[in-house]
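My notes follow in the order I made them.

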Amino acid sequence: MTYTIVARDPKTNAIGIASATGNLAVGGFVPHVKPGVGAIATQGFSTNFWYGVNGLAMLEQGEAAESVSEKLTGEDNGRDWRQLIVLDQNGETAVWTGEKNRSETARISARNLAIAGNMLAHRNVPDAMREGFEMMRDGNEPFEKCILEALVAGFDAGGDVRGTTSAVIKVITPDRLPLDLRVDDHTDPLHELMRLYAKTQDPEYRRFFDRLPTPDKPHQY
């Protein structure tokens, strides 16, 4: 019921998730990110929120993406109704799709990039998202914009078969403040998410944002 991209920028070690769905509050359930540790996206016919909580704890202990995926799903009797994306601090990824998830389902797993969806309008949605992401990367666009444009590409390719009503982008970089934007129960959530992102680039907002304390500059004001 959801389509999601999880990616890592090896130049800055930024980790980001962008996700959209035909249900309410995708940002409250799917994305789980911790700087310098990794990311979990948990979705599917019956989303297991605790994959995110427990998965990040495993990643923080140094476990690899594939190991985390195997442990989370292996210990869950409801795993056949789940979909899971794991990205570890080294950029390795793993994707699980339980066989009870509704068609269409599709996934991509590569170094520093993983995409998955279920209940998709078309199986090519993840391929369109990857193409959109890589096109923006080739154009040297900011990492967060690449992720956001990938989500838009997924929507344009059909997205959720029920339509899309909520969307989220979350990007966390060591020693920087996070980008965390979400839209819930909206008739055009991707357009609204793009509008909100554009507002974060406003010069006045950037001046405010850039003066806030960060881990490497805790006393700036």
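I looked up Asn140 first: it counts as exposed because its relative accessibility is 66% (exposed means over 50% relative accessible area, buried under 20%, partly exposed in between, with a 1.4 Å probe and protein chains only). This is a predicted model, where local features need pLDDT of at least 70, side-chain atom pairs count only at pLDDT 80 or more, and totals for chains, interfaces and linings use all residues. Residues are numbered from 1 along each chain as its sequence is written, and side-chain values use heavy atoms, with hydrogens and water left out.

I found Asn140 in the loop between helix 3 (125–138) and helix 4. Helices (H or I, at least four residues) and strands (E, at least two) are DSSP runs, numbered from the N terminus. Asn140 is not a glycine, yet its phi is positive, about 60°. Ala25 also has a positive phi, near 60°. I found Ala25 in the loop between strand 2 (14–21) and strand 3 (31–34). Ala25 counts as buried because its relative accessibility is 18%. Most residues other than glycine have a negative phi, and most peptide bonds are trans.

**A cis bond**

I noted a cis peptide bond between Ser103 and Glu104, with omega about -5°. Glu104 sits in the loop between strand 6 (93–97) and strand 7 (106–110).

**Arg82**

Is Arg82 buried or exposed? I read 13% relative accessibility, so Arg82 counts as buried. Arg82 lies in the loop between helix 2 (65–74) and strand 5 (83–88). Leaving aside neighbours within four places in sequence, Arg82 is in contact (heavy atoms within 4.5 Å) with residues including Tyr51, Asp76, Trp96 and Asn101.

**Cores**

I looked up the nonpolar cores, which are sets of buried Ala, Val, Leu, Ile, Met, Phe, Trp, Tyr and Cys residues joined through side-chain atoms within 4.5 Å. The largest has 33 residues, and Ile5, Phe133, Ile147, Leu151 and Ile169 have the most contacts inside it. Helix 4 (residues 143–156) gives the largest share of this core, seven residues. A second, separate core has 15 residues, among them Val6, Val26, Ala114 and Ala116.

**Helix 1 and helix 2**

I found helix 1 (residues 49–60) packed against helix 2 at an angle of about 140°, with the axes 10 Å apart. Axes are lines fitted to C-alpha atoms, for helices over the stretch in contact, and angles run from 0 to 180 degrees between N-to-C directions. Residues in helix 1 including Tyr51 and Leu59 meet residues in helix 2 including Val68 and Leu72.
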